[in-house]
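Dear colleague,

Please find the structure below, together with its sequence. A short account of the findings follows it.

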Amino acid sequence: MAANWLPIHKKIREVIRINEEVMLWGGAGSSKTWTILKQVFLRALAFPESRHICLRQRFEHTKTTLWPSAKDLAVAEFGQEFWERCETNRSGGVWKIMVNDSEILFGGLDDKERVEKHLGAEYATVYINECSEIMDSAPIDLISSRLRQKINGRHMLFLDMNPPARSHWSYKRYIEEKVSGRAAFRINPRDVKENLPASYIKRLKELPERLRKRFYDGEFLSDIEGALWSFDMIESTRRPQDGLAGRTVIAIDPAVTANKNSDETGIIGCGAVGDGFKVYADRSGRYKPSEWAHVAVKLYDDLQADAIVVEVNQGGDLVKQVIKSVNQNVKIVEVRATKGKYLRAEPIASLYEQGKVEHAEGLEVLETQLQEWVPESGLPSPDRLDALVWGLTELALKERKPLFFA
Ligand SMILES: Nc1ncnc2c1ncn2[C@@H]1O[C@H](COP(=O)(O)OP(=O)(O)OP(=O)(O)O)[C@@H](O)[C@H]1O
Ligand SMILES: [Mg+2]
């Protein structure tokens, strides 16, 4: 399918023409990345023997999202033949596309050695993808200091992101401060609806409020006063924890009744990694007892977990029986609530504050619950949060002996 550029893209081109640092921000799927990648390709074609680098916080994400986008954009915009003429090299810590005699590099900021290597070279263009994932602006200033390859034209620094919280450095840099040569341009899915399936826009519109604000309306978020988890604490989970994987558990917070209005059953898979922890999966949902037990045991198998953690205050025996009826051999760790929810959740939030928890991708609903729950607000704590707290408590507070090991 050919690329289809709309009037709003013309406006963006105008912004790019008169600035040297351009941030595209807004909702999800609004063509931020394609728009910038197209510029990168055009610049690689325009300046002989030029070098361009596209970076994201984690190289892993560069490989799985940015690289495929570059390929799709190149084919859609310049044709399959053009792409086949580009030489690609997908080895080592930097992947490369040769466009004629120019190179476009793709890397990550998560490895100091590699970053130093990037800093050893000079570039015509730097593109930082999803820069909300970067906790401070120092790496951006450092990398952009290498924008000095000799070319017959202007150097460009491009960035894009879904807007994070106002406390993030990007808010000050792009929204509050006015600096000549620097511009921020907002583009939302509804601005490019001609290029998106109607069902996608509808799904974004129907997201829970905080997610909708960020991914549909493309608005910066405010941290909720009194919430235990802030946006920055959630962003810190994008950094990988180092070390060997240790125990893995599945934690369940079962819904008491199963009807349309009943609570969700929280089902979270998490494990120890080195000194820290990783949340692997959230399979929570509105299930009947027979269903959630299957979902939990499947996750136990998928993650080859060591145990399923179950709170036994309310109907604990029944919960155990239901799990055992699905698989007799599952190890169950029973836990008992002796403290209030706030006191249970607070040490877990503190692990996040210390940067000790990593999240797998796709945990947005859990992440939203964490940021929205205000202790003592009178509202019930969300079930995904409860399950997460049980799981990480089991892993983190090792001195506590399990009450029962079946
Ligand atoms: N000019 C275009 N013509 C046709 N389709 C396009 C165009 N730009 C983007 N798309 C389509 O929209 C999708 C989303 O674009 P892109 O990945 O650039 O959005 P994004 O704003 O970077 O999204 P995210 O917030 O998820 O990073 C692309 O995968 C592509 O299918
Ligand atoms: Mg993008």
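Predicted model: local features only at pLDDT ≥ 70, side-chain atom pairs only at ≥ 80, totals over all residues.

Two strands are said to pair if DSSP finds at least two bridges between them.

Strand E2 (residues 51–56) pairs with E5 in the parallel sense, over 6 bridges. Within this pairing, Ile53 stands opposite Leu105 in E5. Both strands belong to an open sheet of 8 strands with mixed pairing, in the order E3-E4-E5-E2-E6-E7-E1-E8. At its edges are strand E3 (87–89) and strand E8 (182–186), each of which pairs on one side only. From one strand to the next, the twist averages 15 degrees.

Two helices lie across this sheet. Helix H2 (residues 32–46) lies across strand E1 (21–25), E2, strand E4 (95–99), E5, strand E6 (125–128) and strand E7 (156–161), and runs at about 160 degrees to E7. Helix H3 lies across E2, E3, E4, E5 and E6, running at about 140 degrees to E5.

I turn next to the aromatic residues. Rings are counted as a pair if their centres lie within 6.5 Å, and a pair is edge-to-face if the planes are over 60 degrees apart. By this rule there are 10 aromatic pairs. Trp67 and Phe106 make one that is edge-to-face, because their ring centres are 5.2 Å apart and their planes stand at 75 degrees. This pair links distant parts of the chain: Trp67 is in helix H3 (residues 59–78) and Phe106 in strand E5 (residues 102–108), 39 residues apart. Trp67 counts as buried, at 6% relative accessibility, and Phe106 also counts as buried, at 1%. Ring pairs join Trp67 and Phe106 with Phe59 and Trp95 in a cluster.

Trp229 and Tyr352 form another aromatic pair that is edge-to-face, with 5.6 Å from centre to centre and 80 degrees between the planes. Trp229 lies in the loop between helix H9 (209–215) and helix H10 (231–235), while Tyr352 lies in helix H13 (residues 341–353); the pair therefore ties together parts that are 123 residues apart in sequence. Trp229 is buried, with a relative accessible area of 2%, and Tyr352 counts as buried at 1% relative accessibility.

Finally, there is a contact between a charge and a ring to report: Arg190 lies over the face of Tyr216, at 4.9 Å from the ring centre.

With kind regards

Key. Residues numbered from 1 in each chain as written. Chains lettered and ligands numbered in written order. Heavy atoms only, no water. Phe/Tyr/Trp six-rings, centres within 6.5 Å; stacked < 30°, edge-to-face > 60°. Helix = DSSP H or I, 4+ residues; strand = E, 2+ residues; numbered from the N terminus. Buried < 20%, exposed > 50% of the residue type's maximum accessible area, 1.4 Å probe, protein only. Lys NZ or Arg CZ within 6 Å of the ring centre and 35° of its normal. Axes fitted to C-alpha atoms, helices over the stretch in contact; angles between N-to-C directions. Contact = heavy atoms within 4.5 Å.
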